[in-house]
Amino acid sequence: MSVNVKQLAAEKAVEYVEDGMKVGLGTGSTAYWAIRKLGERVQQGLKITAVATSRASEEQARELGIPLVAFGDIDSLDLTIDGADELDSRLQLIKGGGGALLREKIVAVNSTRMIVVADESKAVETLGKFPLPVEIIPFAWEWTLAQLNKLGCSAALRRSGDDLYKTDNGNYIADCRFDTITSAPELALSLQSIPGVVEHGLFIGIADMAIIGKNDGSIEIVEGENHL
Ligand code: 5RP
């Protein structure tokens, strides 16, 4: 029987959730398993409140009976568990493959701790093979895309079937193919300076720990510089 490595990593992360915590729920196929396990623990009596980072995660949490609150109803969160598209040894991440990067970043930076859950294919030496998702506003998207291309990538608007993909916030996603990102902090600064860019999928200095599920059934835990 093959191991579900995403489930393995996600369920390990849920062990860090304690009674009374305010928990950020990530988005994607790995975060799905964390939410599922959290639902099980809530049904067994765990007392938490949660904030979801997407409509999909909100729906899943609601179905499992996880008590949800709006982001505006809390001051901060204790722990966020979320997936990643790529992570390096310094716990710099690329996120947004599932299109939820804006809410994911807002929730993560407002959390005392962020645990990234991933299978081993997501761990890379240098970020950039995965096209970097950048959320942009629909107005003047052609111009914004051109500015992104000037940073040395090939940027393309994400599609959903015949239509353009729209985020939960009503924006577009530009997937930016860099191949290699030599300095994530420098690139983050350049991206932030482009009007029209709402947020980008580089998460730098945000994750405290990564729990990586391996194909042999083991788990690797990587602690970042800002680990408590
Ligand atoms: C969604 C994300 C996801 O965490 C990321 O895409 C990883 O997803 P998965 O666990 O399905 O591989 O950033 O916006």
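Mentor: A salt bridge is a side-chain nitrogen of Lys or Arg within 4 Å of a carboxyl oxygen of Asp or Glu. The model here is predicted, so local features need pLDDT of at least 70, side-chain atom pairs count only at pLDDT 80 or more, and totals for chains, interfaces and linings use all residues. Residues are numbered from 1 along each chain as its sequence is written, and side-chain values use heavy atoms, with hydrogens and water left out.

Trainee: How many salt bridges does the structure hold?

Mentor: Side chains of opposite charge can pair when their charged atoms come close. The structure holds ten salt bridges. One of them joins Lys 214 and Glu 220, at 3.2 Å from N to O. Bridges that share partners also link Asp 82, Lys 95 and Glu 104 into one network.

Trainee: Is Asp 119, which bridges to Lys 122, buried or exposed?

Mentor: Buried means under 20% relative accessible area, exposed means over 50%, and partly exposed lies in between (1.4 Å probe, protein chains only). Asp 119 has 9% and is buried; Lys 122, at 15%, is buried too. Their closest N and O atoms are 3.9 Å apart.

Trainee: Where do the partners Lys 12 and Glu 15 fall on that scale?

Mentor: Lys 12 is partly exposed at 25%, whereas Glu 15 is exposed at 55%. The closest N and O atoms of this pair are 3.0 Å apart.

Trainee: How do the axes of helix α1 and helix α2 cross?

Mentor: Helices (H or I, at least four residues) are DSSP runs, numbered from the N terminus. Axes are lines fitted to C-alpha atoms, for helices over the stretch in contact, and angles run from 0 to 180 degrees between N-to-C directions. Angles under 35 degrees count as roughly parallel, over 145 as roughly antiparallel, 65 to 115 as roughly perpendicular and the rest as oblique. The axes of α1 (residues 5–14) and α2 (residues 31–43) come within 8 Å and cross at roughly 45°, so the two helices are oblique to each other.

Trainee: At what angle do α2 and α3 cross?

Mentor: The axes of α2 and α3 (residues 55–64) cross at roughly 25° and come within 9 Å, which makes α2 roughly parallel to α3. Residues including Tyr 32 and Ile 35 in α2 meet residues including Ala 61 and Leu 64 in α3.

Key
Contact = heavy atoms within 4.5 Å.
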